[in-house]
Structures are given as structure tokens and as C-alpha cells.
Amino acid sequence: MLALEFVNTLTSEEDHLDEWLSSRDLPCSEALRELRGHVEAAVLAAREGLEPDLAPLNAALRGAPAYDVLSWSGVVEVARERDGDEVARALALLAGAAGELLASPAVRKVKTCEGPGCRLLFVPAHPRRRWCDPATCGNRVRVARYYQRHKD
Ligand SMILES: [Zn+2]
């Protein structure tokens, strides 16, 4: 899910935003870092059924309005394009992805990983899943419990 990938670029140890943006051919900008904070706050509110602050997301969407462009290449093709500069288009793209999640029932299922020191958000494949990744965070918890039990 693009919106959660975006939010999860900030882990408790590192900020991977610039790398992530580059890997998607999106520009690096402080405006995108700010938007990430707004998206995270909105998701955390919406999952509790509270009204999220949508103004920053709407501003990002307004900054690069989208429209369809028809073209002919033997058949008619439809492509979605946006007005605005590179940063405005990236802001609108990610605000749009956040909007899709916020408007979907999946937002009520978003969980914060219970792994020690982990802050990643995820939508569990089954409701009892507690970790962003059972192979890393889940395993860390099991190892910690094992040592706790065998301490004495
Ligand atoms: Zn985790």
C-alpha cells in the first residue's frame, strides 16, 4: 500500500524518505517530509474513527490537479496527467494514495507493529498478526521472551 510505504520510510532508527523517493523517480523535498507527517497523523486518527486533519492533504491534491489525456497509437489510450511542477505532482500523487487508504475500510485495520522500538504501520493479513514482519520484529520478540524465561 503506497500510503503506508510512504509513512514507513520513517523508522525508529532511520529516515529512508529520500532513498524511497529516488527509487520511485520522485523528487526529494522537505514538503514531502511534511506531507508524510500529515499522512501518518491522518491515518492514526482515521483508524480510531476520529476526524483526521484533511486540509494539508487537500492542499497537496489541489496543487497538481489531475486530468485524463487521450492519445492515438492505433487505438485510443487514456493517460492520467497532472499540472504543476515535479514536487507538486509528487505531493498530489502521495496525498491521493493517502486518500485512497483513508477512504477505504482498510484504514480501520491499520496496526502499529508491537515489535520493540518498531513504529511501522501495516494492515495485517489476518487480524491476530502483531508485527510488521514476523521474520524480523516477530522473531525479535520471541528471542527476547526466550532470554527472559531462561535468565536465571
Ligand atoms: Zn516491526
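At what angle do the axes of helix H4 (residues 55-62) and helix H5 (residues 86-102) cross? In this predicted model, local features need pLDDT of at least 70 and side-chain atom pairs count only at pLDDT 80 or more, while totals for chains, interfaces and linings use all residues. Residues are numbered from 1 along each chain as its sequence is written, and side-chain values use heavy atoms, with hydrogens and water left out.

The axes of H4 and H5, which are lines fitted to C-alpha atoms over the stretch in contact, with angles running from 0 to 180 degrees between N-to-C directions, come within 7 Å and cross at roughly 130°. H4 is therefore oblique to H5, a term for angles that are not under 35 degrees (roughly parallel), over 145 (roughly antiparallel) or 65 to 115 (roughly perpendicular). The crossing of the two helices is left-handed, in that the near helix is turned anticlockwise from the far one by less than a right angle.

Leu70, which lies in strand E1, is exposed (over 50% relative accessible area, with a 1.4 Å probe and protein chains only), its value being 62%.

Asp25 is found in the loop between helix H2 (17-23) and helix H3 (30-47). Although Asp25 is not a glycine, it has a positive phi of about 60°, and Asp25 is likewise exposed, with a relative accessible area of 69%.

Methods:
Helices (H or I, at least four residues) and strands (E, at least two) are DSSP runs, numbered from the N terminus. Buried means under 20% relative accessible area, exposed over 50%, partly exposed in between (1.4 Å probe, protein chains only).
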